[in-house]
Amino acid sequence: MTELQNKNILLGVTGGIAAYKAVELLRLFKKAGAGVNVLMTDSAQKFVGKTTFEVLSENPVLSDLFFDTESSVKHIELATRADAVIIAPATANTIAKLAHGIADDALSTTLLAVTCPVLICPSMNTDMYQNIRVQRNLDILEMDGWHILDPDSGVLACKTVGAGRLPDPWFIFDRVGAMLVKKDLKDKKILISAGPTVEPLDPVRFISNHSSGKMGYAIARAAEKRGGLVTLVSGPVNIDPPVGVECIDVQTCEEMAMQMLANLDQADIIIKVAAVADYKPIDPKTRKIKKKENENNLSILLTNNPDILEQIGKKKTSDQFLVGFAAETDDLEKNALLKMAKKNLDMIAANIVGSSVSGFKTDTNKVKLFFKDGSSFDIPLMEKDKVADILIDHVIEKME
Ligand SMILES: Cc1cc2nc3c(=O)[nH]c(=O)nc-3n(C[C@H](O)[C@H](O)[C@H](O)COP(=O)(O)O)c2cc1C
């Protein structure tokens, strides 16, 4: 179940070269279980035919207020029913009309009657996009409370390079989902750590662990969508930085400790998901350790790393909510409860690692939440994105 399931989406397509991408966007909405109605300008139909949108949306396209519709007030009906409106691509012309309340075609007239959230996805040549009039019109729409999705930069259809490309359909889809999510973390500051740390042995080798960062990144994405101001301190991972999240990249436990403590005071919620190396080489070499003939064994002396969670647990105020993760191979509950008490946590999310469907690297997870008040909650095996949302539900409930 996504935010878009059973929602009524109004997709406006205008006459830009990227109009073809709106077809893929429509398919994503349909796949997510949304009902979609498409509005097209006359110019849009010069780029992509109505038929494609009609077949894929399973609805007639509204493009002419006076001739197209089975109902004479179809535009008002669509506007009233809509849960979200997306204009992708949005031309400079349509942006100007919308900013000034002009209603001279089906799309612009319908948009005047819309009261739900609107996402405008401008797409055009870079000089057009940077033109002061276009920027002014976008500012007007933003001030009126509509969402503007910045275009991507890259090679454009006109062979120039710069800002103006319509972002990938899946990215627009993701932002529409974010627009529809309840903003129950609005203005809350959330500090999250994720991924592994790496502790150098020499310039080419290190000690680390199997953490992929997927759980921490899922929590960061979910918190941002719910209106949180998220800072993510991350060890090295192969995941794109989440949109709208302040990302701080670190390597070692000491770097992670420094960044977490530097950002601690302003945080309302701290969620420490990172798998930090407990030990580091006591004497990392500045030159590569060479293989020695006639020596079968090599000893590396390790020393303790700082315990970040314990330090945060000692410093945190009663207004701050601290969540830790326990990745265990055995005695899950006992070890998790001990860790919660020792580190002064408000909640601990415990999972068994080493399974092929939960823990490190997997896209799914099975977690048991334990709370300071003695209660607990089982999250059955599910996608990490969904685990993240349920975990946040519980944090919010306990903070109330
Ligand atoms: C080949 C071609 C590509 C165009 N691409 C864009 C574009 O990407 N963005 C844009 O704002 N206008 C673009 N235009 C100009 C618009 O089609 C034109 O301003 C039109 O009036 C927009 O009408 P509409 O906003 O009602 O769809 C393009 C025009 C042509 C001929």
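Which helix gives the most residues to the shell around the ligand? In this predicted model, local features need pLDDT of at least 70 and side-chain atom pairs count only at pLDDT 80 or more, whereas totals for chains, interfaces and linings use all residues. Residues are numbered from 1 along each chain as its sequence is written.

Helix 5 (residues 92–99) gives the most, with three residues; helices (H or I, at least four residues) and strands (E, at least two) are DSSP runs numbered from the N terminus. Among the 15 residues around the ligand, the nearest are Gly15, Gly16, Thr41, Thr91 and Met124, a residue being near if its C-beta atom, placed from the backbone, lies within 6 Å.

An open sheet is formed by five strands in the order 2-1-3-4-5, with parallel pairing; two strands pair if DSSP finds at least two bridges between them. Strand 2 and strand 5 stand at the edges with a single partner strand each, so one side of each is left without a neighbour in the sheet. Strand 3 and strand 4 pair over four bridges, and Val85 stands opposite Val118 in strand 4.

| Strand | Residues |
|---|---|
| Strand 2 | 35–40 |
| Strand 3 | 84–90 |
| Strand 4 | 118–122 |
| Strand 5 | 147–148 |

In helix 13 (residues 332–342), Ala336, Lys339 and Met340 are buried (20 or more other C-beta atoms within 10 Å of the residue's own, placed from the backbone; exposed means 12 or fewer, partly exposed in between). Seen down the helix axis, the directions to the C-beta atoms of these residues fall within an arc of 100°, so the buried residues line one face of helix 13. Lys334 and Ala341, on the other side of helix 13, are exposed.
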